[in-house]
Amino acid sequence: MTCKKCNDTGYVPRKGAREGFEDACPDCEKRREREERKERAAANLAAFRASIPKLYAKNDLGDICWTKMQPGGVGGKVKERVETYLSVLYDDPAQAKCFYLHGATGTGKTHLAIGIVLAALDKHPMLTALFL
């Protein structure tokens, strides 16, 4: 979409100023703000639907360091089990009943649980989850 005011440069000449002085294009600013609001609303909706505290709403499986997840290098096993669970969930959500996580404080259980829920919501937006 081409902006008629700025031709998609994002800037318009400043009124009453010498050449070269520009202001942000008000139409492009409004469009960008609308897009950002839509993105925030989508993230908030997913977080709300899963009852995830906003602090964790941006977590996903992509930023987990699997090799450092637990002492002893069990991250690979955890990753494999998560991937298996998600493949079952993606194919037939009714078959993926629950996923139990346990471990010491600070080992990434909350981060992992939220990543699983958000991955599930991406694939099946009508699923529900409960964050306790």
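Aspartate 8 and arginine 31 form a salt bridge in this predicted model, with their closest N and O atoms 3.8 Å apart. Aspartate 8 sits in the segment before S1 and arginine 31 in helix H1, so the pair ties together parts that are 23 residues apart in sequence. Aspartate 8 is partly exposed, at 41% relative accessibility.

**Other salt bridges**
- The count of salt bridges comes to five.
- Aspartate 27 and lysine 5 are joined by their side chains in a salt bridge of 3.6 Å, N to O.
- Lysine 5 belongs to the segment before strand S1 (11–13) and aspartate 27 to helix H1, so this pair links parts that are 22 residues apart in sequence.
- Aspartate 27 has a relative accessible area of 33% and is partly exposed.
- Arginine 14 pairs with aspartate 23 in a salt bridge, where the closest N and O atoms are 3.1 Å apart.
- Arginine 14 is partly exposed at 37%, and aspartate 23 is partly exposed at 32%.
- Glu29, Arg32 and Glu36 belong to one network, joined by salt bridges that share partners.

**Positive surface patch**
- Lys30, Arg34, Arg37, Lys38 and Arg40 form a patch of positive charge on the surface.
- Arginine 37 lies in helix H1, which covers residues 26–49, and is partly exposed with a relative accessible area of 44%.

**The chain as a whole**
- The protein chain has three helices and two strands, in the order β-β-α-α-α along the sequence.
- Of its 132 residues, 23% are buried.
- The chain exposes about 9,900 Å², and carbon and sulfur atoms supply 54% of that area.
- Among contacts with a separation of 6 or more, 50% are between residues 24 or more positions apart.

Terms used. Residues are numbered from 1 along each chain as its sequence is written. This is a predicted model: local features need pLDDT of at least 70, side-chain atom pairs count only at pLDDT 80 or more; totals for chains, interfaces and linings use all residues. Side-chain values use heavy atoms; hydrogens and water are left out. Patches are made of residues with over 30% relative accessible area and no salt bridge: like charges are joined within 9 Å, nonpolar side chains (Val, Leu, Ile, Met, Phe, Trp, Tyr) within 5 Å. Accessible areas come from the Shrake-Rupley method with a 1.4 Å probe; for residues, only the protein chains shown count as cover. A salt bridge is a side-chain nitrogen of Lys or Arg within 4 Å of a carboxyl oxygen of Asp or Glu. Lys and Arg count as positive and Asp and Glu as negative; His and the chain ends are not counted. The place of a charge is taken as NZ of Lys, CZ of Arg, CG of Asp or CD of Glu. Helices (H or I, at least four residues) and strands (E, at least two) are DSSP runs, numbered from the N terminus. Buried means under 20% relative accessible area, exposed over 50%, partly exposed in between (1.4 Å probe, protein chains only). Contact means heavy atoms within 4.5 Å.
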